[in-house]
Amino acid sequence: MSGNKGSYLFIGSLIGIRTTLATSIKVNETLSGSLRANRDKWKRLSDDEKSAYLAEQHEFAHHQLMTSSLAGVLYWRLNEAWVRDITWLSKELASFNLIPGRGMNLWDWWQKTGECKVKASAAICSGRLSYMNHVFKHLNLVAEVRDYLYSNEIPSAQITRREFSKMLSEAFGWCAERAGLSLNGEHHEFLDKSKNYAKIAAREPNQSTFLAKDTYNFQALFEAYSICEELFVLQVVGDNERAGDLLKKTLEGPFGGAMRVLIPLSKSSEWYLGFSPHIAKSFAMLMCNAPVDIAAYKEERRLEEILPWLDLHKDFSHKGISLHNLASITENIYSTLHQPLFTEKAEWLHYLNIPDIKSLKKYFSRPKSSDIEKFNLAVTSNAINQAAFTFKINLSSTYKLLMAWPESPAEYSKHFQSWFVDTKKSICILEYTDGLHISLAPTIQANEIPHLKNLITTQPLWVITGLLLRTHQYYLVKSYWDGTCRPALKIVVDKLKELLDKEIGKHSDIYYRYLTEITNQLEKQAQSLFPNTLVVDDFDLYCDQ
């Protein structure tokens with residue numbers, strides 16, 4: 001069982017594994033090739049080594065499903081809009097010298113204290129205050145929608161479908177506007193409220209949004225999918241006792257509802273536990289590709305079609321899925337692939353014309369704080385670009401898989417295995433307690449565009465740096481919103497330094513010096529914009545906070 005040995009931070013494409021890099025290398029070399037042929041080798045591994053391997057497979061599966069499903073796209077979209085709006089609000093509040101108290105949620109603080117203090121300021125105008133209230137309201141809305149769909153515990157299982165339809169409609173409209181997209185018109189009309197709104201209704205508006213029996217959400221599906229990957233490994237290597245313990249623990253825990261839905265759909269006497277983990281994963285993947293993202297929005301859709309636990313799973317059986325429903329899910333993915341995740345109007349991407357190390361040295365010869373801010377924006381834009389690329393290639397793989405399904409159902413398991421391998425290739429960063437492992441191939445592929453590939457900030461190691469800085473930004477705003485502590489960026493920067501020494505040798509000191517300078521600047525900025533957060537630097541894993 002992976003237990004708490006792993007973590008995955010979607011916004012930075014960062015997987016954390018609570019073991020050493022050497023242990024990971026050793027275990028993966030030991031188990032290379034066919035797992036079934038490595039049963040004796042598995043038995044000789046220590047419990048810690050087995051847990052580390054299972055944790056890697058669990059987190060790989062998270063990345064795989066979240067980057068190849070519409071549920072993953074919406075989760076990313078909600079987080080991107082949320083991070084940007086909190087960052088803007090932090091600057092607004094700092095201009096009034098307002099500091100939220102530590103340990104206090106920002107929304108609660110605004111309602112109880114903050115708004116009154118801003119009103120009392122002579123510098124505020126009614127329009128500015130009104131817009132701040134507008135942003136606060138939608139930030140809280142986005143946070144609530146995210147908690148209902150993507151948290152381990154559903155805030156209130158009693159929320160009606162009418163109430164949740166209204167919440168989701170508002171969140172769709174907000175996310176579309178923030179991304180420079182229009183739901184009902186041309187994308188350049190994204191600020192026109194008459195053409196950019198969502199209207200989601202429910203067939204049974206007074207019924208609960210979450211089922212009384214076997215309650216689950218997208219987070220539970222993500223977890224059940226990853227747990228099924230562990231169960232697959234354990235049964236293939238013959239560790240049935242550990243597989244049984246993991247299944248029992250899962251069924252008794254917060255993700256048991258999702259697992260109890262998937263097991264009857266995937267019954268199989270060929271597996272020790274009585275169901276096929278691969279088939280269970282296939283159904284979880286299909287459920288996560290319900291039309292839940294704004295790219296697949298249609299006004300005639302009902303909430304029951306959007307949330308798979310209300311309608312979609314009823315269309316499945318242990319015999320499979322009907323051609324009609326398979327075509328509908330495939331169409332959802334096709335629609336998403338032919339819509340931009342965001343447009344230039346959103347101003348999410350920023351680039352600097354710095355073509356080489358010499359130009360970079362000149363840029364940083366006497367840097368102003370504004371220069372560092374521009375450089376940071378350019379580098380963190382890589383995370384947005386990388387996400388867009390990853391969604392494109394992994395959703396395309398999912399589309400091909402589903403198109404092949406009705407043509408050769410007997411060959412589906414082979415297609416699924418190919419899809420499984422393909423969608424793992426986009427992982428960029430693995431963090432261990434003593435180091436980092438990076439994959440440069442997906443960063444190179446994401447920037448194979450003439451106007452990007454010649455910029456130094458889009459070179460592979462700067463893309464990796466941008467992903468880490470974007471992760472840092474996420475932690476900053478999350479701790480600012482929650483009033484909690486945040487991990488020091490130094491935890492992962494020190495690991496990155498060792499990686500730079502290994503990857504680029506003589507120029508590593510240049511990269512590290514600039515990275516250190518950016519880190520120091522970010523920390524100074526955090527102390528002024530996010531003073532209610534407490535930085536902590538005694539974690540083994542930056543990712544696992």
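The structure is a predicted model, in which local features need pLDDT of at least 70 and side-chain atom pairs count only at pLDDT 80 or more, while totals for chains, interfaces and linings use all residues. Residues are numbered from 1 along each chain as its sequence is written, and side-chain values use heavy atoms, with hydrogens and water left out.

Helices (H or I, at least four residues) and strands (E, at least two) are DSSP runs numbered from the N terminus. The expected span of a helix is 1.5 Å times one less than its number of residues. The table sets out two helices.

| Helix | Residues | Number of residues | Expected span | Distance between end C-alpha atoms |
|---|---|---|---|---|
| H9 | 240-252 | 13 residues | 18 Å | 18 Å |

Residues are termed buried under 20% relative accessible area, exposed over 50% and partly exposed in between (1.4 Å probe, protein chains only). H7 is mostly covered, with 14 of its 18 residues buried. Just after H7, Gly180 adopts a positive phi of about 70°.

In H9, the buried residues are Arg242, Ala243, Leu246, Leu247 and Thr250. These residues lie on the same side of H9 because they cover an arc of only 135° around the axis, the arc being that of the directions from the helix axis to the C-beta atoms. Glu241, Lys248 and Glu252 are exposed on the face of H9 turned away from its buried side. The cover over the buried residues of H9 includes helices H3 (47-66), H8 (218-236) and H10 (256-265).

**Buried residues and the nonpolar core**

Contact means heavy atoms within 4.5 Å. Gln219 is found in helix H8 and counts as buried, at 14% relative accessibility. Leaving aside neighbours within four places in sequence, Gln219 contacts Leu149, Tyr150, Ser151, Asn152 and Phe255.

Tyr542 lies in the segment after strand E8 (534-536) and is buried, with a relative accessible area of 0%. Not counting residues up to four places away in sequence, Tyr542 touches Leu14, Glu431, Thr471, His472, Tyr475, Pro487, Ala488, Leu489, Ile491 and Val492. Tyr542 and Gly16 are 526 residues apart along the chain, yet their C-alpha atoms are separated by 7.7 Å.

A nonpolar core is a set of buried Ala, Val, Leu, Ile, Met, Phe, Trp, Tyr and Cys residues joined through side-chain atoms within 4.5 Å. The largest such core has 181 residues, and those with the most contacts inside it are Trp82, Leu93, Phe218 and Leu286. Beyond its neighbours within four places in sequence, Leu286 is in contact with Leu312, Phe316, Ile321, Leu326, Ile329, Leu402 and Trp405.

**Cavity and pocket**

On a 1 Å grid over the protein atoms alone, a cavity is a set of points where a 1.4 Å probe fits but cannot get out; a pocket is an open set with protein on both sides within 12 Å along at least five of seven lines, and lining residues have an atom within 4 Å of a point. Grid points are joined across faces, edges and corners, and a volume is the space filled by probe spheres set on the points.

The structure holds one cavity of 30 Å³ or more. The largest cavity contains about 110 Å³ of space. Of its 14 lining residues, Phe10, Ser13, Gln386, Ala387 and Thr390 are the closest to its centre. Helix H15 (residues 369-407) supplies the largest share of this lining, five residues.

The second largest pocket holds about 870 Å³ of space. Among its 33 lining residues, Arg84, Thr87, Trp88, Glu347 and Leu377 are the closest to its centre.
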